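Here is my note on the structure you sent. Please keep the sequence and the model open as you read.

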Amino acid sequence: MMSQEELLNGLRRTVEQVLKAPYYQKKLAEVGIHYAGDIKTLDDFRKIPLTEKEDLRQNYPFGLFAEPMDNIIRIHASSGTTGKPTVVGYTREDIKLWAKIVAKGFRRLGITSKDVIQVAYGYGLFTGGMGIHYGAEELGAVVIPMSGGNTAKQLMIMRDFGTTVLCCTPSYALYLGESLAEAGISKDELKLRIGVFGAEPWTDKMRQEIEARLGLTAVDIYGLSETMGPGVSLECLKGVGLHIDEHFYPEILDPQGNPLPEGEVGELVLTTFDKMGFPSLRYRTKDLTSITYGTCVCGHTGWTMQRVSGRVDDMLIIRGVNVFPSQIEEAILSVGGIEPHYLIIVDREGPLDVMEVLVELSDASFEDEIRELEELQSKLRQRIENITGLSAKVRLVEPKSIPRSEGKAKRVEDRRKGKI
Amino acid sequence: MLQLSVFLENTKGRLAEVLNLLAEFNVNIRALSLADTKDYGVLRVIVENPEEVAAKLKDRNCVVKLTPVWVLKVPDKPGGLASMLNKLVAEGIVVEYMYAFVEREKEQAQVVIRVRDVELMQKAIKKYNLE
């Protein structure tokens with residue numbers, strides 16, 4: 001258990017590290033913090049302005065890195081609210097720390113060097129694939145770096161290689177489960193025992209369905225690239241919540257930025273300890289949850305968070321990819337003659353998230369030849385895919401057909417709620 | 001001549017709604033064609049005073065477009081349309097779409113033609129004295 005003095009020392013180390021970036025020097029000077037030593041109490045720490053995605057955008061790509069590029073050995077990124085992604089960098093020590101954190105969480109789940117871990121998260125700028133991969137290697141397990149997709153092969157390898165632990169998004173896990181029959185594989189042929197699923201919100205109903213189909217125990221893993229990646233918190237088998245690793249200091253804030261007491265739901269704000277390349281200082285996750293402090297029978301002592309119950313902004317997570325309505329707006333407005341009246345409909349067809357974008361036609365964009373309208377549709381589709389990385393269906397609709405409330409159009413209709 | 005085109009979502013009763021609007025404006029439809037896809041359609045009509053009708057429809061939240069088209073007389077007999085089209089093809093004219101209607105009193109067929117190159121069409125009209 002961390003004492004108050006240890007906590008303050010950890011926070012001071014992070015403040016000292018972020019102060020290497022000129023942007024933070026200026027930002028912290030505005031509240032009278034010039035040196036790490038200016039943090040004498042937790043109240044001093046709470047004076048520090050919150051960090052947001054917008055801060056990362058303003059400093060794109062490497063402006064908030066706290067180590068020289070020579071010390072950075074890996075870059076990851078996630079989508080920003082518009083245009084440019086938010087970029088983070090890791091030193092060699094950061095990568096090791098991340099692997100240790102993931103491995104520690106896996107150990108609590110009883111995963112050992114004897115396990116065969118199939119990583120079906122995407123490998124790439126997204127932190128999911130490589131984050132889990134390094135953690136699983138740290139554990140000494142056999143790692144199968146499958147990345148996402150190629151479902152039939154995933155299932156064949158899962159059976160033939162005797163995979164015991166599956167890591168992917170919950171919607172993909174469900175899809176794998178539903179594809180078993182098609183692949184001619186029965187659940188009994190598999191050796192799966194634990195599934196570590198995250199990167200998108202899911203429900204208990206979905207958990208039960210995945211567990212039934214794949215014959216494993218499914219647990220939730222949480223993380224975001226801005227604070228590291230998967231592993232910030234992870235459930236144990238006791239089902240009491242997601243244990244937050246000791247390298248993260250969580251705060252739960254109300255909409256005005258005031259701290260909320262234990263157990264109350266608010267926005268999760270995270271500060272990292274001893275992460276050097278890209279330390280996070282009071283980073284707004286925009287995720288809603290609650291936290292409690294205590295000791296779990298699994299051996300974890302510290303903070304435990306509940307499953308994320310929602311977002312404070314309008315970010316959508318579609319097939320594990322973060323999508324902001326502002327990105328869709330940017331995409332459709334880049335096509336001439338289109339007005340910013342659109343509606344994003346997200347639904348789940350079977351196990352897969354699908355996105356449809358309704359775009360209102362205007363006199364300027366309307367051509368009376370079907371060929372031209374189809375070209376307009378495909379141009380819109382292309383732009384959306386270029387910006388979000390996701391394929392979308394585009395439907396042209398009549399003006400004023402998208403409901404408006406108080407002058408502002410409703411941007412998102414998420415029909416996935418209530419579905420598994 | 002200007003043809004009036006209206007964008008229609010494929011929703012139940014939408015075509016009837018637009019036609020009811022035209023009736024309300026006391027507009028007679030001389031010719032009509034409907035192009036459709038899975039999600040939407042385009043209603044194309046030939047009416048008197050198309051600019052005026054277009055403005056009224058716009059006021060009622062319709063997306064409209066005025067498109068220059070030609071309305072040409074064709075002999076109402078076998079091969080009538082083919083012989084005229086042959087002439088246009090020879091002039092290098094590309095037809096985007098066309099539709100025909102028959103005026104009963106005159107026993108005269110007419111076609112509405114939308115072409116890609118307006119200038120070529122104008123030359124062809126003069127050359128063959130089409131009307």
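How are H7(A) and H8(A) oriented to each other: roughly parallel or roughly perpendicular?

1. **Ground rules.** This is a predicted model, in which local features need pLDDT of at least 70, side-chain atom pairs count only at pLDDT 80 or more, and totals for chains, interfaces and linings use all residues. Residues are numbered from 1 along each chain as its sequence is written, and chains are lettered from A and ligands numbered from 1 in the order in which they are written.

2. **The helix pair.** Two packed helices are described by the angle between their axes and the distance between the axes. Helix H7 of chain A spans residues 151-160, and helix H8 of chain A spans residues 170-179. Helices here are DSSP runs (H or I, at least four residues) and strands likewise (E, at least two), numbered from the N terminus. The H7(A) and H8(A) axes lie 10 Å apart, at an angle of about 75°. Axes are lines fitted to C-alpha atoms, for helices over the stretch in contact, and angles run from 0 to 180 degrees between N-to-C directions.

3. **The answer.** H7(A) and H8(A) are therefore roughly perpendicular to each other (65 to 115 degrees counts as such).

4. **Who meets whom.** From H7(A), A:Thr151, A:Gln154 and A:Leu155 meet A:Tyr175, A:Leu176 and A:Ser179 of H8(A). Contact means C-beta atoms, placed from the backbone, within 7 Å. The residues of this contact are three nonpolar, three polar and no charged. Ala, Val, Leu, Ile, Met, Phe, Trp, Tyr, Cys and Pro count as nonpolar, Asp, Glu, Lys and Arg as charged, and the others, Gly among them, as polar.

5. **Two faces of H7(A).** A:Gln154, A:Leu155 and A:Met158 are buried. They cover an arc of only 95° around the axis, so they sit on the same side of H7(A). Cover for them includes strand S3 (116-119) and H8 of chain A. The face turned away carries the exposed A:Ala152, A:Lys153 and A:Asp160. Buried means 20 or more other C-beta atoms within 10 Å of the residue's own; exposed means 12 or fewer.

6. **After the helix.** A:Gly162 follows H7(A), with a positive phi near 65°.

7. **The chain A–chain B contact.** Chain A gives 15 residues and chain B gives 16 residues. Strand S20 (residues 393-397) of chain A supplies the largest share of the chain A side, three residues. That side divides into six nonpolar, two polar and seven charged.

8. **Chain A overall.** Chain A has 11 helices and 23 strands. Of its 420 residues, 45% count as buried.

Technical notes. Two residues are in contact if their C-beta atoms, placed from the backbone, lie within 7 Å. Angles under 35 degrees count as roughly parallel, over 145 as roughly antiparallel, 65 to 115 as roughly perpendicular and the rest as oblique. The arc is that of the directions from the helix axis to the C-beta atoms.
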